[in-house]
Amino acid sequence: MILFFFISLAFLTWLICRELERRTVQPSLPGGRCGDCGGEIQSDWLICPRCRNLVQQHCPACGEAHACSDAYCPWCGDAVREKAA
Ligand SMILES: [Zn+2]
Ligand SMILES: [Zn+2]
C-alpha cells in the first residue's frame with residue numbers, strides 16, 4: 001500500500017515536471033519582440049516595458065489581445081486597425 005502511494009507520488013511529480021518543462025520550452029509567439037526596441041515581449045503583455053511601445057491591443061469587438069500590426073482580429077475577424085499606419 002505504501003509502495004503504491006510512493007509510485008503515485010512519483011507519477012504526480014513527473015507529471016508536474018513535464019508540464020513545467022512543456023511551459024518553459026513553449027515557442028514564443030510571433031511578435032514576441034518589440035518592433036521598436038527589439039526587447040522581448042511576453043505573449044500577454046500589451047506594452048513594451050523598455051520603450052513603452054504598444055505591442056498588443058484588445059479587439060474592440062471580442063476583447064481578445066492581438067498584435068498591433070494586425071489589420072483584422074485573429075479571433076473574430078473584426079477590422080481592428082482604425083487608422084492606416
Ligand atoms: Zn520596446
Ligand atoms: Zn475580435
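Colleague: Let's start with a pair of side chains, Arg-33 and Glu-40. Are they buried or exposed?

Modeller: Both Arg-33 and Glu-40 are exposed. Keep in mind as we go that this is a predicted model.

Colleague: Noted. And what does Arg-33 form with Glu-40?

Modeller: A salt bridge, with 3.9 Å between the closest N and O atoms.

Colleague: How many salt bridges does the count come to?

Modeller: The count comes to 1 salt bridge.

Colleague: OK, zoom out for me. How many helices and strands are in the chain?

Modeller: The chain has 1 helix and 2 strands. Starting at the N terminus, the order is α-β-β. The helix, α1, covers residues 2-24, strand β1 covers 56-58, and β2 covers 65-67.

Colleague: What share of the residues counts as buried?

Modeller: Of 85 residues, 13% are buried. The accessible surface of the chain is about 7,200 Å², and carbon and sulfur atoms account for 59% of that.

Colleague: And the contacts, how far along the sequence do they reach? What percentage joins residues at least 24 apart?

Modeller: That would be 0%, counting contacts between residues at least 6 apart in sequence.

Colleague: Let's get to the metals. Which residues coordinate the zinc ion (ligand 1)?

Modeller: Cys-34, Cys-37, Cys-48 and Cys-51 do, each through SG, at 2.2 to 2.3 Å. Along the chain these donors are spaced C-x2-C-x10-C-x2-C.

Colleague: Why is that site called tetrahedral?

Modeller: The angles among its 4 donor atoms run from 102 to 117°, and four donors count as tetrahedral because all angles lie between 85 and 135 degrees. For reference, the ideal angle for four tetrahedral donors is 109.5 degrees.

Colleague: Is Cys-34 buried or exposed?

Modeller: Cys-34 has a relative accessible area of 4%, so it is buried. Cys-37, at 39% relative accessibility, counts as partly exposed.

Colleague: What about Gly-38, where is that?

Modeller: Gly-38 is in the loop between α1 and β1. With a relative accessible area of 31%, Gly-38 is partly exposed.

Colleague: Switching topic: where is Gln-56, and what does its side chain do?

Modeller: Gln-56 is in strand β1. A polar atom of the Gln-56 side chain lies 2.6 Å from the backbone oxygen of Ser-43, and one lies 2.5 Å from the backbone oxygen of Trp-45.

Colleague: Why does Gln-56 count as buried?

Modeller: Because its relative accessibility is 12%, and buried means under 20%. Beyond four places in sequence, the residues in contact with Gln-56 include Gln-42, Leu-46, Ala-65, His-66 and Cys-68.

Colleague: You mentioned Trp-45. Which residues does Trp-45 touch?

Modeller: Glu-40, Val-55 and Gln-56, leaving out residues up to four places away. Trp-45 is in the loop between α1 and β1 and is partly exposed, with a relative accessible area of 30%. The C-alpha atoms of Trp-45 and Val-55 are 7.6 Å apart, and the two are 10 residues apart along the chain.

Colleague: Last one: His-66. Buried or exposed?

Modeller: His-66, in strand β2, counts as buried at 2% relative accessibility.

Colleague: Great, thanks!

Terms used
Residues numbered from 1 in each chain as written. Chains lettered and ligands numbered in written order. Predicted model: local features only at pLDDT ≥ 70, side-chain atom pairs only at ≥ 80, totals over all residues. Heavy atoms only, no water. Helix = DSSP H or I, 4+ residues; strand = E, 2+ residues; numbered from the N terminus. Buried < 20%, exposed > 50% of the residue type's maximum accessible area, 1.4 Å probe, protein only. Polar contact = N/O pair within 3.5 Å; in protein donor to acceptor, adjacent residues only side chain to side chain. Contact = heavy atoms within 4.5 Å. Areas by Shrake-Rupley, 256 points an atom, 1.4 Å probe, with all protein chains shown as cover. Donors = N, O, S within 2.8 Å, 3.2 Å for Na, K, Ca; no water. Tetrahedral: all angles 85-135°; square planar, octahedral: opposite > 155°, others 65-115°. Salt bridge = Lys/Arg side-chain N within 4 Å of Asp/Glu carboxyl O.
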